[in-house]
Amino acid sequence: MTDNPAEVVEETTHPPRRSGARVRRQAVVSAVLALLFGVPWWTLVAAGGWPVPVAVIGTLVFASALIGLPILMFTGHGKHRDGPSVLGDALLGAIWVLFVWSVLGNVLRVVLLAAGVDDPLRSRIVAVTVILVAAALLAWGHFEAMRIPRIRRVEVRIPRLGPGLDGLRVAMITDTHYGPINRARWSAGVVDRVNELDADVVCHVGDIADGTVQMRRAQAAPLADVRAATRTYVTGNHEYFSEAQGWLDHMAAIGWDSLHNRHVIVERGGDRLVVAGVDDDTAAGSGTRGHGQDLATALAGADPSLPILLLAHQPKQIRHAVAAGVDLQISGHTHGGQIWPFNFLVRLDQPVVHGLSAHGERTQLYTSRGTGFWGPPFRVFAPSEITLLTLRAG
């Protein structure tokens with residue numbers, strides 16, 4: 001099943017056919033899977049000179065995993081079944097870590113070769129090292145993914161901010177990804193930590209869940225207890241895999257301002273701040289009627305002399321913010337890469353992976369590593385965060 005609802009509509013209105021594009025896509029996926037599983041299999045099993053029973057069992061394990069991963073993903077995420085989704089996600093994360101450290105393990109192989117260590121001892125040292133490192137990182141990464149995120153405190157100086165708003169506290173959560181693993185208790189813990197910050201504004205910057213409101217209502221329920229004078233939410237790309245409008249309506253029903261290409265005004269000490277939000281970058285192509293990022297509409301009616309805080313799920317939406325003279329855009333989406341070294345691949349699609357950055361003459365961008373996780377329940381060298389932005393007047 002495709003992740004793009006628009007493609008679902010197209011496939012239901014035309015007879016299914018094996019187009020050249022689909023064949024090429026399947027060939028790419030097959031090649032990626034072969035590489036992901038093939039490199040660890042060769043590093044851990046084939047090159048080790050193990051006794052025949054060990055080699056056969058190892059090969060069967062990798063073959064079963066290779067066949068099982070697409071089956072679990074299709075029956076899980078493709079059919080919206082949580083059990084297979086959990087298993088498929090965990091397997092995907094595990095094989096990615098094994099692949100990465102198998103590649104690095106073969107660097108160790110070269111070092112051992114130069115040191116005069118012969119096979120099969122050389123290959124067995126590499127295999128055992130890779131297994132131990134991968135197991136340790138997966139255990140640690142799972143702990144990091146499931147824990148209540150740490151607070152990341154950042155001060156942002158905004159020259160146009162009036163003195164009455166100096167010190168305004170903006171708490172930011174994003175990419176909660178309520179999904180196949182029931183994290184209702186985790187969600188309540190996140191809300192408790194956010195409330196401890198005593199923020200003036202709390203923002204949820206998209207990817208609230210993987211699934212519909214009906215599927216994830218219990219996990220999202222604690223968001224109703226967030227305490228702040230202003231609570232704002234925008235859609236991320238994952239809302240457009242299920243029901244974006246449903247999540248906008250749900251958040252509005254529990255007292256949040258759903259910024260579907262609109263803005264609200266925050267006022268303190270006689271000074272005002274425009275807090276605007278736009279739909280995700282993928283909204284227009286999702287097939288969801290009436291959705292698509294529209295910053296001009298979001299800012300319509302706002303005093304152009306006022307500073308602007310913009311919620312936009314993806315960092316690459318910064319180009320629109322710069323053109324509109326936005327002072328600060330806050331985004332998520334990247335997860336900081338989530339499992340190293342995926343951050344380098346994320347950087348190919350996004351201008352920033354995490355942190356505060358400057359764009360154009362006026363605009364700043366803060367990109368969060370995300371509060372939750374997507375898919376594989378692991379975070380390796382990319383810790384989650386609840387962000388507290390303290391705005392300072394120029």
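This is a predicted model: local features need pLDDT of at least 70, side-chain atom pairs count only at pLDDT 80 or more; totals for chains, interfaces and linings use all residues.
Residues are numbered from 1 along each chain as its sequence is written. Local features need pLDDT of at least 70, side-chain atom pairs count only at pLDDT 80 or more, totals for chains, interfaces and linings use all residues, and side-chain values use heavy atoms, with hydrogens and water left out.

**Exercise 1.** Describe how helix α4 and helix α5 cross, and which residues meet there.

Step 1. Locate the helices: α4 covers residues 82–114 and α5 covers residues 121–146. Helices (H or I, at least four residues) and strands (E, at least two) are DSSP runs, numbered from the N terminus.

Step 2. Take the axes, which are lines fitted to C-alpha atoms, for helices over the stretch in contact; angles run from 0 to 180 degrees between N-to-C directions. The axes of α4 and α5 come within 8 Å and cross at roughly 145°.

Step 3. List the contacts (heavy atoms within 4.5 Å). Residues of α4 including Val97, Trp101 and Leu108 meet residues of α5, among them Ile125, Val130 and Leu137.

Step 4. Sort the contact residues: 14 are nonpolar, five polar and two charged. Here Ala, Val, Leu, Ile, Met, Phe, Trp, Tyr, Cys and Pro count as nonpolar, Asp, Glu, Lys and Arg as charged, and the others, Gly among them, as polar.

**Exercise 2.** Explain what the salt bridge of Asp349 and Lys316 ties together.

Step 1. The side chains of Asp349 and Lys316 meet at 3.3 Å, N to O.

Step 2. Asp349 lies in the loop between α11 (342–346) and β10 (355–359), and Lys316 in the loop between β8 and α10 (318–324), so the pair joins parts 33 residues apart in sequence.

Step 3. Salt bridges with shared partners join Asp281, Lys316, Arg319 and Asp349 into one network.

Step 4. Asp349 is partly exposed, at 42% relative accessible area, and Lys316 is partly exposed at 21%.

Technical notes. A salt bridge is a side-chain nitrogen of Lys or Arg within 4 Å of a carboxyl oxygen of Asp or Glu. Buried means under 20% relative accessible area, exposed over 50%, partly exposed in between (1.4 Å probe, protein chains only).
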